[in-house]
Each structure stands twice: as structure tokens, then as C-alpha cells.
Amino acid sequence: MPYIHFTEEQKRQANAVDLVEFLRFKGEPLTSSGRELRMERNHSVTIRGSEWYDHAAEKGGGPVSFLKEFYGMNYQQAMLTLLNEDLAFLYSPVDTPRWKEKKEFTLPPANENNRRVFAYLLKHRHLDRDVLTAFVRLGLIYEDKGYHNAVFAGKDKDGTAYHAHKRSTGSMSKSFRMTVEGSDFRYAFNWPGSSGHLLVFEAPIDMLSFISLHHDSNWAKHSYVALCGTSSQPLLGMLERYPDIKTVHLCLDNDQAGQLATKRLAKVVREKGLAVDARVPVYKDWNEDLCSNFQQELEVQHEQIVS
């Protein structure tokens with residue numbers, strides 16, 4: 001492609017394109033995540049207005065860099081695509097707050113009981129009741145008042161919450177999950193222990209599922225953290241707050257995204273001079289492993305009754 005000179009006004013116009021409307025036109029599936037939208041094919045990428053951010057890679061930018069990163073375009077191809085007059089009616093320039101703008105964090109109001117959360121996590125996710133109760137007693141898991149979502153709170157050593165992740169509890173409807181605006185990812189959903197071992201997971205339910213699978217092994221003595229994605233910030237936050245941690249066990253999903261994140265995070269841990277290994281679920285994630293075990297136990301019980 002021959003060199004094309006773009007004026008400063010054209011550059012400004014291209015980088016002001018509303019990425020949300022552009023991607024909807026392209027047929028890119030997006031899901032709600034607070035005030036932002038999340039790419040379905042890459043859950044670590046959130047979009048708001050003309051800006052995007054990859055929480056796993058810890059980088060972001062505007063429309064031009066997005067097309068280069070996710071559509072394989074070079075700079076000139078991206079510019080020409082964004083300046084295409086035939087598509088101008090789809091998106092108008094938007095004035096989007098910068099990603100570094102910090103919103104005040106507050107925990108979602110709690111419901112008067114946790115009935116729906118217990119029903120969902122015990123009956124549909126098959127978590128161990130004792131494990132779930134231990135987290136609920138510390139206020140790390142509760143039911144929100146407005147929509148009866150499960151809230152997974154992330155707290156510091158003193159019990160002050162700085163992070164919250166919400167997930168829908170309706171088993172029949174499409175699942176909903178989001179991180180509460182203003183959350184500090186360094187304090188994502190975690191459990192501090194004293195053994196010097198830290199186990200790292202992608203999602204809170206994965207973390208609770210693993211513990212449920214190993215709840216007879218004095219699980220509470222270990223430390224755990226759910227990244228609520230694949231960002232390194234929650235992991236680094238735990239290592240900073242708990243310097244007694246000497247070994248990190250990466251327990252991410254058994255898929256391509258999880259494997260890539262495991263390699264990236266392992267490098268981060270080694271650079272800290274700590275020991276690191278990987279624990280991989282049999283199926284895609286630890287909840288699938290837990291549900292499979294539950295089904296197998298039911299089948300064994302059925303065979304015993306029949307015989």
C-alpha cells in the first residue's frame with residue numbers, strides 16, 4: 001500500500017470514533033460490564049466510547065490501536081477504515097473520559113438474606129456448604145439488594161473492601177457478571193492464609209470450586225485470589241500485602257486464554273524470585289471438574305440403591 005499522509009484533523013477524527021457502535025456494525029458480540037462493554041471473544045477486553053483496555057495484557061488505547069491489535073490491520077488500513085465516509089452515519093465523535101479517571105468505590109447494598117446466593121452456588125454450582133459459609137461469615141460473599149446477584153468482595157488485611165465482583169444467580173437466564181465501578185484490582189476476591197502458598201484462579205467460582213474439591217485438606221491455611229479475569233494486578237497485590245508467600249500455584253482455566261495467561265503470570269512470579277507451578281483442571285475450569293465429580297457421585301449412589 002502506498003504511503004498516505006493523514007492530517008492532524010483526520011487523526012483526531014479517527015481516534016474519536018465510537019468503538020461500540022463500530023463493533024456492533026461489524027457484528028462483534030459485546031456484553032455489558034458496568035458502564036463498559038466486554039468483548040465476548042476476549043473477556044479481558046472492555047470498551048467504553050472510543051477507548052478500549054485489555055485487563056490481561058494491561059494495555060489499551062483508541063480505535064486505531066484497536067483495529068491494529070484485534071483485526072490485524074496496519075496503521076494506514078486502520079485509518080482508512082475509520083475514516084470511511086460510507087460508515088460515518090454509524091458513529092459520531094465522542095468525548096470519552098480517560099481510562100485513568102478513578103470512580104469512588106462503594107459496595108453494592110446487601111439484601112436482608114442470602115437465600116438466592118446459597119441456592120445458586122449450592123444447587124447449581126455444587127459448592128461445599130461449609131466452604132461457602134466460611135466466606136459468607138466474613139462478608140466476602142453476599143446477595144445484593146437490587147438484583148439478588150452474588151457479590152464477591154475483595155478486602156484488605158483489616159477487612160476494608162476495595163473491590164467487588166458481581167454475578168447473576170438466575171440459572172435460567174443469560175449469565176451476567178461485572179466488576180463494580182471504582183474497584184481496585186489489587187484487592188480482588190481473596191482469602192489470606194499463613195502457609196506461604198498462594199493459589200491463583202481466574203474467577204471467584206473457580207476458586208471456591210477448587211477449595212470445595214479439596215476442603216478436607218485444611219484449605220483455610222493457604223492463601224487464594226481470584227483475578228476476575230487474567231490481570232496480574234490481584235496477584236501482585238497479594239504478594240505485596242503478604243510477603244510471607246513463597247510459592248505461587250497458577251490454577252487458571254484449561255483453555256488457550258488460560259494457558260497464555262499462565263505463562264505470562266509465571267514469568268511475573270519468577271521475576272519476584274518466588275517458586276511457581278501450574279495446576280490444570282481436567283475440564284475447562286474447576287467448576288466443571290466439581291460438577292463432574294458431583295454427577296459421578298450421584299451415579300454411584302443410584303447404582304448402590306438399584307443393586
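This is a predicted model: local features need pLDDT of at least 70, side-chain atom pairs count only at pLDDT 80 or more; totals for chains, interfaces and linings use all residues.
**Entry 1: helix 9**

I stayed with this helix and checked its length. Helix 9 covers residues 256-271, which makes 16 residues. At 1.5 Å a residue it should span 22 Å, and I get 23 Å between its end C-alpha atoms, so the two agree.

Next I looked at the N-terminal end of helix 9, which is capped by aspartate 255. A side-chain oxygen of that aspartate sits 2.7 Å from the backbone nitrogen of glycine 258.

Then I sorted the helix by burial. Gly258, Ala261, Thr262, Leu265, Ala266, Val268 and Val269 are the buried residues of helix 9. Looking down the axis, I find them within an arc of 160°, so they line one face of the helix. On the face turned away from that buried side I noted the exposed residues Gln256, Leu260, Lys263, Lys267, Arg270 and Glu271. I also asked what lies over the buried residues: the cover includes helix 8 (233-241), strand 13 (247-250) and strand 14 (275-278).

**Entry 2: threonine 230**

I found threonine 230 in the loop between strand 12 and helix 8. Its relative accessibility is 10%, and the cut-off for buried is under 20%, so threonine 230 counts as buried. Leaving aside neighbours within four places in sequence, I list its contacts as Ser44, Ala56, Glu202, Ala261, Arg264 and Leu265. Two names there were already in my notes: Ala261 and Leu265 are among the buried residues of helix 9.

**Entry 3: the cores**

I went to the largest nonpolar core, which has 29 residues. Phe135, Ile141, Phe189 and Met207 have the most contacts inside it. Several elements each supply at least two of its residues, among them helix 5 (115-124), helix 6 (129-137), helix 7 (204-213) and helix 10 (286-306).

Not counting residues up to four places away in sequence, methionine 207 touches Phe135, Phe189, Asn190, Trp191, Phe201, Tyr224, Val225 and Ala226.

There is also a second, separate core of 21 residues, and I noted Phe6, Val20, Phe22 and Ile47 in it.

**Entry 4: isoleucine 47**

I traced isoleucine 47 to strand 3 (residues 42-48). Isoleucine 47 counts as buried because its relative accessibility is 1%. Last, I checked a distance: isoleucine 47 and glycine 61 are 14 residues apart along the chain, and their C-alpha atoms are separated by 9.8 Å.

Terms used
Residues are numbered from 1 along each chain as its sequence is written. Side-chain values use heavy atoms; hydrogens and water are left out. A nonpolar core is a set of buried Ala, Val, Leu, Ile, Met, Phe, Trp, Tyr and Cys residues joined through side-chain atoms within 4.5 Å. Buried means under 20% relative accessible area, exposed over 50%, partly exposed in between (1.4 Å probe, protein chains only). Helices (H or I, at least four residues) and strands (E, at least two) are DSSP runs, numbered from the N terminus. Contact means heavy atoms within 4.5 Å. The expected span of a helix is 1.5 Å times one less than its number of residues. The arc is that of the directions from the helix axis to the C-beta atoms. A polar contact is a pair of N or O atoms within 3.5 Å; within protein, one must be able to donate a hydrogen and the other to accept it, and residues adjacent in sequence count only if both atoms are side-chain atoms.
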